[in-house]
Amino acid sequence: MPTIQLPEQLTPNFQDLVHNIKALDGERLADAIPKELYEPRVARGLLGFFASYALYIGALVGVHYAPHWSLYLPLWLVAGLGGWGLFCIAHECGHNSFSTNRRFNHFLGQVALLPLLYPFHGWRHMHNLHHANTNSLEMDTDWRPVLPVQYRAMGWWDKLVYRSTRSWLFWLGTVNYQRHSGFKPSMLPKLEARNEVRRSIVVTVLFAAVYLPALIYLTGWQGFLLYFLGPWVGIHAWFSTTTMMHHVSEELPFLTKEHWTLNGSRLMLTTDYNYPKWLHFFTHNISVHTAHHVVPVIPFYNLPKAREALKRAYPNAIREKDFTWREVWRVIRSCHLYDPVHGYYVPFDAADSDHASKGRSGQPGISPEGGVPHV
Amino acid sequence: MASFFSNLFNKVSFAEQQQNSGPVTEASLRQWLAQRLAKQLKVDVAVIDTGRTFESYGLDSIVAVQVAGDLEKVLEQRLSPALLFEHQNIDDLAAYLAGELALAETKA
């Protein structure tokens, strides 16, 4: 019998959510999506790949010819968008929705992740764990909050990383995720997965060992900053902001296993964000996110149609919002720690208050690594 | 030629070798947990009582999370890091995991 009961109080909102989630038990969500939407069109995928690489390289050329340093930051953000688009293509490849050729998908995925120096298989396997455990308080790998008692027990560095990347440094939240998922094979339970990660690390390190010295030789340390580090941070800014908004919301709790269900996590625990059309093009519909969680193998260009089909089958189930900075502000202002009393979030201030510390001292339960923000 | 490069790649990346340890059963899990606990406490495995609570052995949360992490690799599947808090002793935990494994096999 589990000894941990969270949250301690079941509010009407929480009960409604759990009731709606449990109502999906036994449903075959994927059946709502027409089968023709599963078919990849490689040419359309390649258009996305080349468009993103062109944006990335074009922005670097722009940095080179920029008449004034004040243009660097916006150009790094453009390069970041290019690199983030490439990440989204690698994401397709990781789910094998880019083409039916698995080897080609893995090759292209690694090429798409080179601007980030991100080992493809590390990301892929960690991301699969996220899909299998979305918003599980014990098991999710991405943006999982910790309890106040766990936060207080962290070392100073983990605490600093957790606190900053859930507030003012949210735009760097995925840097630590890259470190864990890309370079720590021991995070993964399957031996073959760990070995694939090791091979991806070798490929990434070999590329970096050629690319970075060549870049520094040709452009100097300033070139390293202008053409690699600035864009790299820019990619993480897009990566962090997008994924945080998909998976952190004051209205969507992380659930313990007695409340969590796979169907519920797929259909009701992520948020879709509407962007301007051009931004959907360059981010390859990554923010049409619920349909992607329901059937990860659907190619990105079919996700809007898949979402419409899901909306017809399950009216009001998908959470869809317009992206605004106000929404981002709400998340970084208050969605800091798991609230053991009500099951949603409490801000950091609560970590020191009686209210938050009432809960589980002596039953930390969730790993210190959970304190580090993930995708 | 392909296997030469494959072997080279495995060597360069320090690939792990598969340990052939037979099928995972409730008994083998109980034994593994007892050995892991004995190693942690630096005692002989014979003195481990599989019915005694983890708490009474003085396991702290960091060790509990480490054990859950090691167990993931034995079972080759993701497990809750809170496992040793959710189950009181080795017998309970081994029975629970064996049940989960049987369930997973039925689904597969």
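Here is a friendly conversation about how a few descriptions of this predicted model are reached.

User: Why is Asp142(A) called buried?

Analyst: Asp142(A) has 24 C-beta neighbours inside 10 Å. The cut-off for a buried residue is 20 or more, so Asp142(A) counts as buried. As for its place in the chain, Asp142(A) sits in the loop between α5 (120-132) and α6 (148-153) of chain A.

User: How many residues of chain A are buried, as a percentage?

Analyst: Buried residues make up 50% of the 375 residues in chain A.

User: What makes chain A as compact as a globular protein of that length?

Analyst: For 375 residues the globule rule gives 21 Å, and the radius of gyration of chain A is 21 Å, so chain A is as compact as a globular protein of that length. Its C-alpha atoms fill a box of roughly 60 × 50 × 45 Å along the principal axes.

User: What is known about the predictor's confidence in chain A?

Analyst: On a scale from 0 to 100, the mean pLDDT of chain A is 93, and 93% of its residues reach 70 or more. Take care with residues 355-375 of chain A, though, where the pLDDT is below 50. That stretch still has 71 contacts in the model beyond near neighbours in sequence.

User: What makes a set of residues a nonpolar core?

Analyst: Its members are buried nonpolar residues joined through C-beta atoms within 7 Å. The largest such core has 84 residues, and those touching the most other members include Ala59(A), Phe87(A) and Leu337(A). The largest share of this core, 13 residues, comes from α9(A). There is also a second, separate core of 18 residues, with Leu33(B) and Phe85(B) among them.

User: Which residues does Ala59(A) touch?

Analyst: Leaving out residues up to four places away in sequence, Ala59(A) touches Leu75(A), Val78(A), Ala79(A), Gly82(A) and Pro231(A).

Conventions. Residues are numbered from 1 along each chain as its sequence is written. Chains are lettered from A and ligands numbered from 1 in the order in which they are written. This is a predicted model: local features need pLDDT of at least 70, side-chain atom pairs count only at pLDDT 80 or more; totals for chains, interfaces and linings use all residues. Helices (H or I, at least four residues) and strands (E, at least two) are DSSP runs, numbered from the N terminus. A residue is buried if 20 or more other C-beta atoms lie within 10 Å of its own, exposed if 12 or fewer, and partly exposed in between; C-beta atoms are placed from the backbone. Two residues are in contact if their C-beta atoms, placed from the backbone, lie within 7 Å. The radius of gyration is taken over C-alpha atoms; the globule rule is 2.2 Å times the number of residues to the power 0.38.
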